[in-house]
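Subject: A structure for you to explore

Hi there,

Here is the structure I promised to pass on. Have a look at it first, and then read my notes below.

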Amino acid sequence: MENLMAFAKKESDQVELYSLEQTANRIEFEAAKLNDIQSTIESGVTMRLIKDHKLGFAYTRNLQDGESLVRNALASLKGGVEARFDFPASVNPPGIRAYDERIKEARNTVIVDECRRIYSRLEGKTKGQIDVTALTGANRIGIMNSAGADLSAMNSYYSITVNILYPGTATGIHRTLVSKAFQSVDDGFLEGIVELYNSGAKELNVRGGKMPAVFMPESMYALIWRLQSATSGESLYHKQSPLAGRLGETIFEEKLTIVNDPLDDTKPGARIFDDEGVTCTKFPIIDRGVLKNFYYDLCYASKMGTAPTGHGFKTSRWSGETISMRPSCALEHLTIEPGDTEFWQLVRSVERGIIVCGTLGAHSGNIPNGDFSIGLSPGLFVEKGAIVGRIKDAMIAGNIYEVLKRVRGIENRVHPAYTGYYPAVLFDDISVATEN
Amino acid sequence: MVEKLWSILNKVTAEYADIRHETKNETRIALNGKELTELGSNATDGYVLRVLHKGGFSSVAFTTYDDHEKAIATATENAHLMSRFTTQPVVFATTQVVKDHYVPLLDEDPRKVTMDEKLQLTRKYNAIALDHDKIATTNIAYVETTREKNFVSTEGSEIHEELMTARISGLITSREGNLIQNIRVAAGGSHGFAILRDREDDFERKMRIAVELLTAQPIKGGRSNVIVNQSMGGVFTHEAFGHFSEADIIENNRSMRQKMQIGAMLGSEIVSITDDPTLPNQLGHYRYDDEGVAACRSSLLKDGMLVGRLHSRRTAAAFQEPVNGHCVAEDYRYGPIIRMGTIFIEPGKDTFDGLLDRLGDGFYILDAKGGQTSGENFTFGAQYGYEVKNGKVGAMVRDINISGNLYNTLKNIVAVGDDLRLGQVGGCGKGQMNIRSCHGSPHLIISNLVIGGV
């Protein structure tokens with residue numbers, strides 16, 4: 001890497017090398033049957049060059065052919081992509097422990113045994129099909145740049161998702177456990193899924209209209225996605241954010257506090273620097289309903305004349321090849337702070353309403369505007385404080401800038417979910433369209 | 001490369017193994033508003049090794065030749081583990097041993113077009129999309145992907161196939177005060193660069209729709225009879241029906257498998273659905289899948305009756321149905337899974353004007369904006385639509401999502417147009433992103449559809 005850096009430096013003003021090595025395993029059980037085991041062993045390098053305020057970008061899997069990498073980056077430089085930023089100098093970020101040596105013990109045989117144990121614990125407790133998916137892996141990220149940064153971070157992760165499907169559907173109740181190393185799920189975790197599943201066993205035709213809705217942690221991303229879009233420095237720069245000029249304003253119910261905390265190393269994926277080598281910090285987005293911050297990578301911070309916030313990550317909403325991605329503004333470590341209400345207490349407070357356990361089509365609709373219009377997959381129906389079944393064919397719709405002002409209650413703990421760690425949240429007056 | 005692949009395969013101790021090496025070249029040019037944000041070409045490569053041993057089957061993807069022995073050990077260990085715990089040993093359906101070198105004919109090879117010309121064309125379309133004071137920004141990108149694949153199996157197959165995909169596509173965003181609207185625009189295909197030329201009208205038309213959306217009314221939620229255009233019909237065909245035709249989706253779900261039995265009447269008698277990757281000059285075209293099986297035209301739904309489904313070698317054997325070459329990987333990072341190639345509703349007899357007359361009152365809903373299914377249920381966004389009154393297309397409506405149940409909706413297709421059109425860009429995210437996923441449909445009338453407005 002040092003040779004590559006030296007070679008590229010001769011041709012440019014600034015150089016950055018990002019390297020990634022990772023191994024990953026995925027084990028799938030479907031309907032109590034071991035269905036698939038897939039493994040990945042991969043490595044690669046990305047190079048960014050800056051010369052005369054223009055950016056060059058290239059990547060490769062072939063670390064022996066550094067010359068091609070530099071040649072492609074120089075060719076890219078000729079395109080004239082503007083870069084009015086500097087790669088950051090080395091800093092002394094706070095120490096965190098994102099890698100757990102015990103991940104090595106999470107061999108596929110151990111995980112297969114755990115999946116089989118889960119089936120034995122759930123046997124006879126539900127009639128639904130049970131699917132279990134486990135992921136495990138470790139990676140090492142390195143960032144070296146011409147300003148002197150030479151950073152390296154190791155991460156380990158383990159996750160297991162248990163999903164119980166309703167008959168005739170691929171829709172079910174699921175929950176995920178995540179950790180930095182192998183961890184057995186406890187009976188409480190499994191019983192929670194079974195209790196919710198069994199309470200929705202009966203399929204119901206329900207009259208639509210406006211009603212309270214509990215968004216389960218697994219559904220909150222549909223709303224948070226819109227907020228991620230609106231608070232991105234990129235959206236702000238391109239005049240796509242409805243929150244432009246509203247920093248410091250109360251935009252949501254004061255019960256809501258939303259924080260991006262990459263330093264929390266009790267969870268897998270903690271980071272002390274982003275994918276551009278900028279130091280990460282605990283970063284409030286919404287504090288008791290007040291809009292506190294927009295988040296930036298190097299590029300959009302320079303365009304907006306502000307400091308980068310450590311949110312430049314090589315990521316995408318859809319699958320992508322990490323080394324081929326450019327860093328972009330991203331919130332990778334979101335948490336909604338828990339409230340003070342136990343989950344079943346939230347349910348008991350609903351006279352007539354729904355529980356959004358999963359969503360369909362959260363990616364469609366007008367995301368920049370904050371609109372959502374999504375299918376329930378599944379949605380449970382609550383009458384007089386008790387779940388009485390699941391709703392047949394229903395959609396909910398709204399706009400987050402109205403809905404997030406109507407928070408009635410927040411669960412007193414968070415759960416890992418897609419895009420972050422969220423509690424269940426009870427909202428008033430959600431518009432529900434059904435067959436009736 | 002073939003010799004190198006044999007040198008790896010020869011070290012595997014198993015009943016069956018295959019290995020695929022791919023070199024992927026990607027050229028990207030991206031504009032965000034007036035600014036160029038990306039430009040470059042890069043090549044990456046890697047291997048996927050699959051091992052079948054005593055009924056246990058597993059795959060490993062690796063990116064460095066030096067890791068091949070580690071990969072062999074991992075794949076073998078995983079296959080043994082699968083073998084130990086599987087309740088249904090994996091068997092592969094038999095297929096012909098193939099030795100072939102296939103490079104599809106291209107109408108202008110994009111690799112021979114200079115980067116500067118690609119940039120100028122992308123800039124031209126982007127400028128058209130930006131040419132209105134109500135347009136806030138654009139995200140328009142040129143993306144060209146070529147995959148050179150070499151496949152070798154212990155049965156003796158040796159296949160080289162090249163796949164090329166090119167597109168200029170993206171998002172046009174309009175804004176009036178706090179109201180933000182956007183519309184997708186796309187031109188592309190897998191048969192050459194020529195399809196990207198002379199598309200100015202498409203970009204201008206989409207820009208005008210983005211502006212018009214600022215004054216459109218949100219659609220009212222509820223139930224309605226609708227005409228869906230070819231893009232929406234194609235997404236329905238792909239998302240709601242097509243994924244259920246993929247054997248791996250239903251194989252372990254007993255109740256879904258019962259519903260999807262060959263011979264079951266699933267839809268209206270006027271609906272027939274086919275998947276055909278062999279159709280030349282279409283986005284979804286390929287000759288061999290990533291198991292080395294020749295792609296076949298597959299009739300899936302015939303006059304409303306289920307008559308076929310899409311298979312890998314493994315599922316074809318498990319279902320005791322014919323193998324048809326539909327097991328495809330995104331690239332060298334993945335083992336192949338069952339995918340659609342080019343799926344479409346066969347055209348009917350009704351003209352578009354005839355469909356409008358028949359609809360009377362309802363909505364005309366156009367251009368898909370993302371879709372998702374969960375079992376029988378689906379939700380799709382539409383980019384825009386129009387009210388229809390007395391068979392006449394009226395005011396534009398926005399913020400449209402439709403939702404429903406596959407089986408009910410297949411039965412509620414009451415008319416099929418004569419104007420089949422296939423999509424030019426794809427993006428199916430079933431675990432892996434398939435940019436060559438092609439779907440289409442004629443215009444359709446669907447009765448009693450759930451519409452979720454905002």
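To start: with which side chain does the side chain of B:Glu330 make a polar contact? The partner is B:Arg333, at 2.8 Å. Please keep in mind that this is a predicted model. You will find B:Glu330 in the loop of chain B that lies between strand E13 (327–328) and strand E14 (337–338). Is B:Glu330 buried or exposed? B:Glu330 counts as buried, because its relative accessibility is 15% and buried means under 20%.

Next, the sheet in chain B. Six strands form an open sheet with mixed pairing, in the order E12-E11-E10-E15-E24-E21. Strands E12 (305–306) and E21 (421–422) of chain B are at the edges; each has a single partner strand, so one side of each has no neighbour in the sheet. Helix H5 of chain B (residues 230–245) packs on this sheet and touches E10, E11, E12, E15, E21 and E24 of chain B. The direction of this helix makes about 120 degrees with that of E24(B).

Within the sheet, you can follow one pair of strands residue by residue. E10 (residues 273–275) and E15 (residues 342–345) of chain B run antiparallel and are joined by three bridges. Look for B:Asp275, which stands opposite B:Ile343 in E15(B).

Finally, turn to chain A, which has its own helix H5, at residues 221–230. How many of its ten residues are buried? Ten of the ten are, so to speak, tucked away as buried residues, including A:Tyr221, A:Trp225 and A:Arg226.

Enjoy exploring!

How values were computed. Residues numbered from 1 in each chain as written. Chains lettered and ligands numbered in written order. Predicted model: local features only at pLDDT ≥ 70, side-chain atom pairs only at ≥ 80, totals over all residues. Heavy atoms only, no water. Helix = DSSP H or I, 4+ residues; strand = E, 2+ residues; numbered from the N terminus. Buried < 20%, exposed > 50% of the residue type's maximum accessible area, 1.4 Å probe, protein only. Polar contact = N/O pair within 3.5 Å; in protein donor to acceptor, adjacent residues only side chain to side chain. Pairing = 2+ DSSP bridges. Contact = heavy atoms within 4.5 Å. Axes fitted to C-alpha atoms, helices over the stretch in contact; angles between N-to-C directions.
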